[in-house]
Amino acid sequence: GKTQEAHALWHSIAGNKGFYEQLATEALGQRITMPHAHAPLTQAERMAARNNPGLQRAIQAYNMGLRSEGTREWNYTTNLHQKGGMNDRELLGAADMACNLQWWDRCINTSERTKELVDMETRFPQPYRDIITRRAQENSVDPALALGLIRQESRFSPAARSGVGAAGLMQVMPGTAQLVARRAGIPADSSSTDGNVRLGTAYMRSLLDQFNGSEPMAVAGYNAGPGRPRNWSSGPTLEGAIWTETIPFSETRDYVKRVMANATYYASLFNEPKQSLTQRIGTVPAK
């Protein structure tokens, strides 16, 4: 009931950075908007990134298949080589180069390090958008949600593999691929980009159906398995943000926040109807 104090807190939080920043912005009655465009990179700034010895070493390692070594070299060059790391313009130059090389995880992670300047094209790239949109729509899944999930799962790397066997853009587990393929009557092909996205979006559709369309619950189920969100919804009906904050697994709690914020950003970039995070997360009904 302390409206003035609440507004002061919301103003102190509101912004474009993530989950709670978006919610605070909407609590103030404002729409999620894209940051003001920065001055385009100059040719000299682009050349400085291309000629940086540390970034060149990182790219050579990456091209040789030494992915982890290349990532370490890249991170050292951007974060530690000079005191305080690269400045915003230098980071955007490096991120732009990584995107042009389709090294999407370095593109995104480097772009996210900027302090003042925000470049949405490198922070929220859209590789494979045609495939993702087509397969998402086939399974009646919001393409913005699929993109937001992929950005968190694999950083758009088709070669991504987890220690437990999850693979591809949507990090589909082998057992999940077999189960979804059998139920949907489609090939259990998670190795190709198209097949992986087809299986991943079909699985997301099944989770949305299980949880009556609740995106936070479906996303939590994608990360932690479908049984756990049911157990976490044993109390009263809750606002989606409150339910998310009660998830007992820190990894899943953070995952849900990031995927939902990602999806809201992508929806805003595409000017889709579901541009409100508050509406997107809705309420989570009692069990």
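Select R129 and F270: the charged end of R129 sits over the ring of F270, 3.8 Å from its centre (NZ of Lys or CZ of Arg within 6 Å of the ring centre and within 35 degrees of the ring normal). The model is predicted, with local features needing pLDDT of at least 70 and side-chain atom pairs pLDDT 80 or more, while totals for chains, interfaces and linings use all residues. Residues are numbered from 1 along each chain as its sequence is written, and side-chain values use heavy atoms, leaving out hydrogens and water.

Rings of Phe, Tyr and Trp (its six-membered ring) pair if their centres lie within 6.5 Å; planes under 30 degrees apart are stacked, over 60 edge-to-face, the rest tilted.

The structure holds eight aromatic pairs. Next, select Y62 and W103: the ring centres are 4.1 Å apart and the planes at 20 degrees, so this pair is stacked. Y62 is in helix α4 (residues 53–63) and W103 in the loop between α6 (88–100) and α7 (104–112), 41 residues apart. Helices are DSSP runs (H or I, at least four residues), numbered from the N terminus. W103 is buried at 1% relative accessibility, whereas Y62 is partly exposed at 23%. Buried means under 20% relative accessible area, exposed over 50%, partly exposed in between (1.4 Å probe, protein chains only).

Last, select Y203 and Y222, with ring centres 5.5 Å apart and planes at 45 degrees, so tilted. Y203 lies in helix α12 (residues 193–210) and Y222 in helix α13 (residues 215–224). Y203 is buried at 15%, and Y222 is buried at 10%.

Conventions
Helix = DSSP H or I, 4+ residues; strand = E, 2+ residues; numbered from the N terminus.
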